[in-house]
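Thank you all for coming.

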Amino acid sequence: MRKAIFWGFLGTLAEPGAPSPNPLDPGQYRVYPDAAATLALCAYKGYQNYMLAEGFPRLTELLPKLHLCLLYTSPSPRDA
(Lines give C-alpha, C1' and ligand atoms only; values in the text may rest on other atoms or scores of the structure.)
Protein backbone atom coordinates (compact mmCIF):
# COMPACT_ATOMS: atom_id res chain seq x y z
CA MET A 1 0.00 0.00 0.00
CA ARG A 2 1.26 3.47 -0.88
CA LYS A 3 1.26 5.93 2.01
CA ALA A 4 0.38 9.55 1.31
CA ILE A 5 -0.16 12.78 3.20
CA PHE A 6 -2.08 15.66 1.67
CA TRP A 7 -0.96 19.06 2.98
CA GLY A 8 -2.79 22.34 2.76
CA PHE A 9 -0.49 25.27 2.03
CA LEU A 10 -1.88 28.20 4.03
CA GLY A 11 -2.57 27.35 7.64
CA THR A 12 -0.58 24.10 7.55
CA LEU A 13 2.87 24.94 6.18
CA ALA A 14 2.74 28.72 5.97
CA GLU A 15 0.64 31.72 6.85
CA PRO A 16 -0.02 34.96 5.03
CA GLY A 17 2.50 37.70 5.71
CA ALA A 18 2.89 41.14 4.21
CA PRO A 19 0.36 41.67 1.40
CA SER A 20 1.74 41.90 -2.11
CA PRO A 21 0.05 42.32 -5.49
CA ASN A 22 2.21 39.44 -6.76
CA PRO A 23 1.01 36.08 -5.37
CA LEU A 24 4.41 34.57 -6.24
CA ASP A 25 6.26 37.00 -3.97
CA PRO A 26 7.82 34.83 -1.23
CA GLY A 27 7.83 37.81 1.15
CA GLN A 28 4.05 37.55 1.23
CA TYR A 29 4.21 34.27 3.20
CA ARG A 30 5.77 33.10 6.45
CA VAL A 31 6.74 29.44 6.36
CA TYR A 32 6.33 27.77 9.73
CA PRO A 33 9.71 26.92 11.29
CA ASP A 34 9.01 23.18 11.35
CA ALA A 35 7.46 22.91 7.85
CA ALA A 36 10.56 21.70 5.99
CA ALA A 37 11.57 19.30 8.77
CA THR A 38 8.06 17.85 8.92
CA LEU A 39 7.91 17.29 5.16
CA ALA A 40 11.38 15.74 5.15
CA LEU A 41 10.57 13.40 8.06
CA CYS A 42 7.36 12.22 6.39
CA ALA A 43 9.24 11.54 3.15
CA TYR A 44 11.96 9.68 5.09
CA LYS A 45 9.26 7.48 6.66
CA GLY A 46 8.04 6.54 3.20
CA TYR A 47 5.11 8.91 2.73
CA GLN A 48 4.42 10.68 -0.54
CA ASN A 49 3.78 14.36 0.25
CA TYR A 50 1.14 16.08 -1.88
CA MET A 51 0.37 19.77 -1.74
CA LEU A 52 -3.21 20.98 -2.05
CA ALA A 53 -3.94 24.61 -2.81
CA GLU A 54 -7.35 25.36 -4.23
CA GLY A 55 -7.32 28.34 -6.54
CA PHE A 56 -3.51 28.59 -6.61
CA PRO A 57 -2.40 26.79 -9.80
CA ARG A 58 1.06 28.38 -9.75
CA LEU A 59 1.98 27.08 -6.29
CA THR A 60 4.75 24.96 -7.81
CA GLU A 61 6.44 28.20 -8.91
CA LEU A 62 6.25 29.64 -5.39
CA LEU A 63 7.49 26.64 -3.38
CA PRO A 64 11.12 26.80 -4.61
CA LYS A 65 11.24 30.43 -3.50
CA LEU A 66 10.14 29.29 -0.02
CA HIS A 67 12.80 26.51 0.02
CA LEU A 68 10.20 23.76 0.00
CA CYS A 69 10.66 22.57 -3.59
CA LEU A 70 12.55 19.33 -2.95
CA LEU A 71 10.39 18.16 -0.08
CA TYR A 72 7.09 17.35 -1.75
CA THR A 73 5.59 15.40 -4.62
CA SER A 74 3.16 17.35 -6.74
CA PRO A 75 1.58 15.53 -9.64
CA SER A 76 -0.61 17.88 -11.57
CA PRO A 77 -3.75 16.89 -13.47
CA ARG A 78 -1.90 18.27 -16.48
CA ASP A 79 0.88 15.68 -15.87
CA ALA A 80 -1.52 12.71 -15.81
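**A buried asparagine and its surroundings**

Let me start with N49, which counts as buried because its relative accessibility is 2%, where buried means under 20% relative accessible area, exposed means over 50%, and partly exposed lies in between, with a 1.4 Å probe and protein chains only. Before I go on, please keep in mind that this is a predicted model, in which local features need pLDDT of at least 70 and side-chain atom pairs count only at pLDDT 80 or more, while totals for chains, interfaces and linings use all residues. Residues are numbered from 1 along each chain as its sequence is written, and side-chain values use heavy atoms, with hydrogens and water left out.

What does the side chain of N49 make a polar contact with? Its partner is the side chain of W7, at 2.9 Å, and the side chain of N49 also reaches the backbone oxygen of L39 at 3.1 Å. A polar contact here is a pair of N or O atoms within 3.5 Å; within protein, one must be able to donate a hydrogen and the other to accept it, and residues adjacent in sequence count only if both atoms are side-chain atoms.

N49 is found in strand 4, and Y50 lies in that strand too, which covers residues 48–52. Helices (H or I, at least four residues) and strands (E, at least two) are DSSP runs, numbered from the N terminus.

Stepping back, the protein chain has 2 helices and 4 strands, and from the N terminus on its elements run β-β-β-α-β-α. Of its 80 residues, 26% count as buried.

Let me turn to the largest nonpolar core, which has 16 residues, with F9, M51, F56, L59 and L62 having the most contacts inside it. Helix 1 (35–44) and helix 2 each supply at least two residues of this core, and helix 1 gives the most, with 3 residues. Such a core is a set of buried Ala, Val, Leu, Ile, Met, Phe, Trp, Tyr and Cys residues joined through side-chain atoms within 4.5 Å.

Finally, consider H67, in the segment after helix 2 (59–62). H67 has a positive phi of about 65 degrees although it is not a glycine, and H67 is exposed, with a relative accessible area of 66%.
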